[in-house]
Amino acid sequence: MRQAVIMVRTPGASVHGGRGGRMRGTVGRVFGAGLVIGALAAGLGACTGGSGGDEAGRVRGTAEPVATACANGTFTWSHLTERDRLTGVSDPERLGKGGGALQSPVRRVYTPSASVRARGGPVPSAAEILFSLGKKAGVIDSDARTLAQAGGDTWWFTDVRQPAPRLDNDRVKPGAAGEFVQYAGVREVSADFRYRCPDGRTVSGHARNWTVDLAGLIDCDERPVSALGREVARRSCEPAAATGPSGA
C-alpha cells in the first residue's frame, strides 16, 4: 500500500535572539514522514501586546503595553489540545503510469489564525498570553517567565497578526499512477487559561494558534491512514466517486 506524502514547513523565517545572535526558542518535532521542524520564526517583539478586550472579549495586539494588567501574575492552563486542521484541498486528478505534476489548484476550506478571548480583568496582552500557551504546549523553549522578561527574543507564535500560510507554496509530484488529491493543513494548539494577580484579581479565557503548516497528497484508490487524510477523502474523493466520470 502506498503511503500519503507529507511535507512539513516552518511558518515564517527564523529570527535570532538578542544574546550574541544566538538562535533562541527552537523546538524540534517530528510529523508525518519523519521530517523535523523548528518552531521559531519571525514575530512580534517582546514588548508589544494588547490594549485590552473589545465587546466580544477578544484581546487585540497593538504596539502599546497594557497598563491595567499586573506584571507578575500566574497562568494556569487546562484542556490543552493539539489537532491537525485541513486548510485547503484540490479536486482529484487521475494520472497514468509514471505519475506527473498535478494541475488542480488547492482551494481554501479553513483559515487558521491566532485567537485570544478573555473575560474579567485585568487582561494581559495577547502576546503574553500566547507566550505562556507556547511554553505550555512546548512550542516555545525559553527560560523567561514572561515575554517581557525574554530579553528581546521573539517568537512568531506570540504574534496575533501572523498570517495564515499560503496553500500552493509546495506542490507534491506523484511518481505513480492513481487518482490524487493535494491538500494543505496546520497543527492548531488551543487551551483554556486563568490568569491570577497577586492581589487576587483574575482573568479567564481561551487562546489558540497554529504551529506548523504542511502539504500532503493522498491517493483516492488507497484507504487514508490519518484523520486528516480521511477528511480529504470525504471532501474530494467521495464526491467524485458519487458523480462518476460523466458528472451525471
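Surface patches are made of residues that have over 30% relative accessible area and no salt bridge, with like charges joined within 9 Å and nonpolar side chains (Val, Leu, Ile, Met, Phe, Trp, Tyr) joined within 5 Å. For charged residues, Lys and Arg count as positive and Asp and Glu as negative, while His and the chain ends are not counted, and the place of a charge is taken as NZ of Lys, CZ of Arg, CG of Asp or CD of Glu. The structure described here is a predicted model, in which local features need pLDDT of at least 70 and side-chain atom pairs count only at pLDDT 80 or more, whereas totals for chains, interfaces and linings use all residues. Residues are numbered from 1 along each chain as its sequence is written, and side-chain values use heavy atoms, with hydrogens and water left out.

A positive surface patch is formed by Arg117, Arg119, Arg194 and Arg196, and the elements that give two or more residues to this patch are β9 (115-120) and β10. Strands (E, at least two residues) and helices (H or I, at least four residues) are DSSP runs, numbered from the N terminus. Arginine 119, which lies in strand β9, counts as exposed at 60% relative accessibility; here exposed means over 50% relative accessible area, buried under 20%, and partly exposed in between, for a 1.4 Å probe and protein chains only. The accessible areas themselves come from the Shrake-Rupley method with a 1.4 Å probe, and for residues only the protein chains shown count as cover.

Strand β11 is mostly covered, since 15 of its 18 residues are buried. Strand β6 pairs with strand β8 (residues 107-108) over two bridges in the antiparallel sense, and here valine 89 stands opposite arginine 107 in β8.

A search of the whole structure finds eight salt bridges, each defined as a side-chain nitrogen of Lys or Arg within 4 Å of a carboxyl oxygen of Asp or Glu. In one of them the side chains of aspartate 84 and arginine 187 meet at 2.8 Å, N to O, a pair that links strand β6 to strand β10 across 103 residues of the chain. Both are partly exposed, aspartate 84 with a relative accessible area of 30% and arginine 187 with one of 21%. Glutamate 188 forms a salt bridge with arginine 85, the closest N and O atoms being 3.3 Å apart, and this pair likewise links strands β10 and β6 over 103 residues. Glutamate 188 counts as buried, at 6% relative accessibility. The side chain of glutamate 188 also meets that of arginine 208 in a salt bridge (3.8 Å, N to O), with arginine 208 in strand β11 (residues 202-219). Through these shared partners, Arg85, Glu188 and Arg208 are joined into one network.

Note on methods:
Two strands pair if DSSP finds at least two bridges between them.
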